[in-house]
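The stops below go from one side-chain group to the next.

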Amino acid sequence: IVLGLNCLPVKDTGSIFIIDSKDETRLQMIAHRHLPKPLVQRCKHIKFGECLCGKAADSQKIVFKNCVDHDHSVNYSGIEAHGHYCIPVVFVHKTLAVINLYLEAGSQKSDEDEQFLVLVGDAVASMIHSHHVEENAQKIFTAVDQAGEAILISDPDGVIEYTNAAFSE
């Protein structure tokens with residue numbers, strides 16, 4: 001959706017990284033659009049502090065570049081000129097993901113664009129956090145439902161709201 005907004009100077013190219021579940025000091029690419037194959041291969045995993053996306057994850061601040069330069073350490077032969085907005089997705093001081101948007105080479109940095117992208121990052125952070133809460137709630141529900149001890153939950157008036165399998169038996 002963000003790639004399709006005409007109000008931003010972004011190309012129809014980008015990627016999304018989340019924190020690697022096996023190593024919370026690196027990002028794992030989970031989605032991309034129109035990235036060249038060499039870049040997809042090279043960017044499967046990016047360490048915090050590495051290249052532009054890793055710097056955004058590490059600093060928890062938007063990284064803007066209007067060209068490919070020395071900070072763009074993930075490189076390959078024949079790379080096309082472009083710029084970036086790398087938006088960290090942060091919840092309670094913890095980086096959860098990074099959104100990488102491609103820009104036309106020479107694009108100008110805009111405070112309004114950055115303010116909007118911060119809001120996008122905040123919205124995505126809330127969605128990711130809610131998803132994690134739902135996953136954890138489902139694990140707890142499954143554990144309670146499969147517990148060997150009888151469990152009954154009622155409201156203050158004594159109306160039964162839940163019983164687990166052991167209670168039913």
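Start by selecting Lys65 and Asp69: the two form a salt bridge, their closest N and O atoms being 3.0 Å apart. A salt bridge here is a side-chain nitrogen of Lys or Arg within 4 Å of a carboxyl oxygen of Asp or Glu. This is a predicted model, in which local features need pLDDT of at least 70 and side-chain atom pairs count only at pLDDT 80 or more, while totals for chains, interfaces and linings use all residues. Residues are numbered from 1 along each chain as its sequence is written, and side-chain values use heavy atoms, with hydrogens and water left out.

Lys65 is buried at 17% relative accessible area, whereas Asp69 is partly exposed at 22%. The classes are buried for under 20% relative accessible area, exposed for over 50%, and partly exposed in between (1.4 Å probe, protein chains only).

The structure holds eight salt bridges. Next select Asp12 and Arg33, another of these pairs, with the closest N and O atoms 2.7 Å apart. Asp12 is in strand 1 and Arg33 in strand 2, so the pair ties together parts 21 residues apart in sequence. Strands (E, at least two residues) and helices (H or I, at least four) are DSSP runs, numbered from the N terminus. Asp12 is partly exposed at 35%, and Arg33 is partly exposed at 39%.

Then go to Lys94 and Glu24, a salt bridge with its closest N and O atoms 3.7 Å apart. Lys94 belongs to strand 6 and Glu24 to the loop between strand 1 and strand 2, so this pair links distant parts of the chain, 70 residues apart. Phe64 is in strand 4 (residues 63-65) and Tyr85 in strand 5 (residues 83-91). Both are buried, Phe64 at 18% and Tyr85 at 0%.

Select Cys43 and Cys51. Their sulfurs are 6.4 Å apart, too far for a bond, and the count of disulfides (cysteine sulfur atoms within 2.5 Å) is zero. Cys43 is buried at 10% and Cys51 at 9%. Cys51 lies in helix 2 and has a positive phi near 50°.

Finish at His93, in the loop between strand 5 and strand 6. His93 is exposed at 72%, with a positive phi of about 65° although it is not a glycine.
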